[in-house]
Amino acid sequence: MTSFRLFPGAPDSPVLLHVPHSARAIPGDVRDGIVLDDAALERELDHITDAHTAELAGRAAGAAGRLPWRFVNRLSRLVVDPERFPDEREEMLAVGMGAVYTRTTHRAELRPADTDPGPLVERYFRPYAEAMTRAVAGRLAATGRAVIVDVHSYPARALPYELHGDGPRPPVCLGTNPFHTPPALLAAAREAFAGCGETGLDSPFAGTYVPLEYYGTDPRVEALMIEIRRDTYMREPGGPAGAGLDRLAAALATLVDALSPGPADAPRPAPVDAPQPGPADAP
């Protein structure tokens, strides 16, 4: 199994749908370092996984007039979380959830506290970050801009690990960055998701994902995080999707079209697998 997958879009589409937390797969050797028994691990995956978000992004891509690019993590965030800072800048280190988690959503032990994150960061985190950087560079080279739309979900009730869980929890939360989220992008998202219930801003989750090479320096890279409250489209925790997924996919497709106006492109390209890096492949 490859650790991530790039689904090419239209050559002139600037949009990159990023789905980092939808998978549950954990390689066997990584599983060996997790102290939870199998039943407890399944419960933790129910809570921590952004279930059905890969399907949501796929449906939206299929419905959009111009096919966006998609970058999908195929491993659980319990392997590594590709959206964390890999160093002391990461505020979630306070609850044992840096790039490599040592605590669960309920602050129980996931890995021993003295676990060295280095091997997992080298094997999975850095190659993922490099591949996302290349994907963004490709959009910049082809279109002069790149628009990263992060596709996430979050529970209706705050979990103990959340550092900012006491704020509003709207059906759709838009995470922004003062440098990378221009007003037009935010306005397009608000309009696209207007039919999905209240749209909030940066609560309970804030910020966006931008590869560090471009973070805070290149305004051609735009970014927005879409956080969808899970009870609007699925049974929590970890249950099947419902009819709400169709409505959300249509809204996301509308946003994609607003960000990449123009006629549809055909034919649509096949997905590209990125090889799973092993220790020998790590930089």
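Student: How many cavities of 30 Å³ or more does the count come to?

Tutor: The count comes to 1 cavity of 30 Å³ or more. The model is predicted, so local features need pLDDT of at least 70 and side-chain atom pairs need pLDDT 80 or more, while totals for chains, interfaces and linings use all residues. Numbering runs from 1 along each chain as its sequence is written, and side-chain values use heavy atoms, with hydrogens and water left out.

On a 1 Å grid over the protein atoms alone, a cavity is a set of points where a 1.4 Å probe fits but cannot get out; a pocket is an open set with protein on both sides within 12 Å along at least five of seven lines; lining residues have an atom within 4 Å of a point. Points are joined across faces, edges and corners, and a volume is the space filled by probe spheres set on them.

The largest cavity has a volume of about 60 Å³. Its lining is made of Ser3, Asn73, Leu75, Ser76, Val79, Val80, Pro82, Tyr124 and Tyr128. By class, that lining has 6 nonpolar, 3 polar and no charged residues. Here Ala, Val, Leu, Ile, Met, Phe, Trp, Tyr, Cys and Pro count as nonpolar, Asp, Glu, Lys and Arg as charged, and the others, Gly among them, as polar.

Now the open space. The largest pocket holds about 940 Å³. It is lined by 41 residues, and Glu83, Arg84, Glu90, Ala206 and Thr208 are the closest to its centre. H4, strand E4 (146-154) and E7 are the elements that give two or more residues to this lining. H4 gives the largest share, 5 residues. Helices (H or I, at least four residues) and strands (E, at least two) are DSSP runs, numbered from the N terminus. The pocket lining has 18 nonpolar, 8 polar and 15 charged residues.

Next, two buried residues. Serine 13 sits in the loop between strand E1 (4-7) and strand E2 (15-19). Serine 13 counts as buried because its relative accessible area is 0%. Buried means under 20%, exposed over 50%, and partly exposed in between (1.4 Å probe, protein chains only). Neighbours within four places in sequence aside, serine 13 is in contact with Arg66, Leu67, Pro68, Trp69, Arg139, Thr143 and Ser260. Contact means heavy atoms within 4.5 Å.

Cysteine 173 belongs to strand E5 (residues 172-175). Cysteine 173 is buried too, again at 0% relative accessible area. From cysteine 173 to threonine 199 is 26 residues in sequence and 5.8 Å in space, C-alpha to C-alpha. Leaving out residues up to four places away in sequence, cysteine 173 touches Tyr154, Gly200, Asp202, Ser203, Pro204, Phe205, Met225, Ile226 and Glu227.

Proline 204 is in the loop between strand E6 (199-201) and strand E7 (221-229). Another cis bond joins glutamate 236 and proline 237, with omega about -15°. Proline 237 lies in the loop between E7 and H6. Most residues other than glycine have a negative phi, and most peptide bonds are trans.

Positive phi turns up as well. Histidine 52 has a phi of about 70° although it is not a glycine. Its place is the loop between helix H2 (38-48) and helix H3 (53-63). Histidine 52 counts as partly exposed because its relative accessible area is 22%. Arginine 107, also not a glycine, has a positive phi of about 65°. Arginine 107 is in the loop between strand E3 (69-73) and helix H4 (118-143). At 39% relative accessibility, arginine 107 is partly exposed.

Last, a helix pair. The axes of helix H5 (residues 183-192) and helix H6 (residues 244-259) come within 8 Å and cross at roughly 145°. Axes are lines fitted to C-alpha atoms, for helices over the stretch in contact, and angles run from 0 to 180 degrees between N-to-C directions. H5 contributes Leu185, Ala188, Ala189 and Ala192 to the contact, and H6 contributes Ala251, Thr254, Leu255, Ala258 and Leu259. The classes there are 8 nonpolar, 1 polar and no charged residues.
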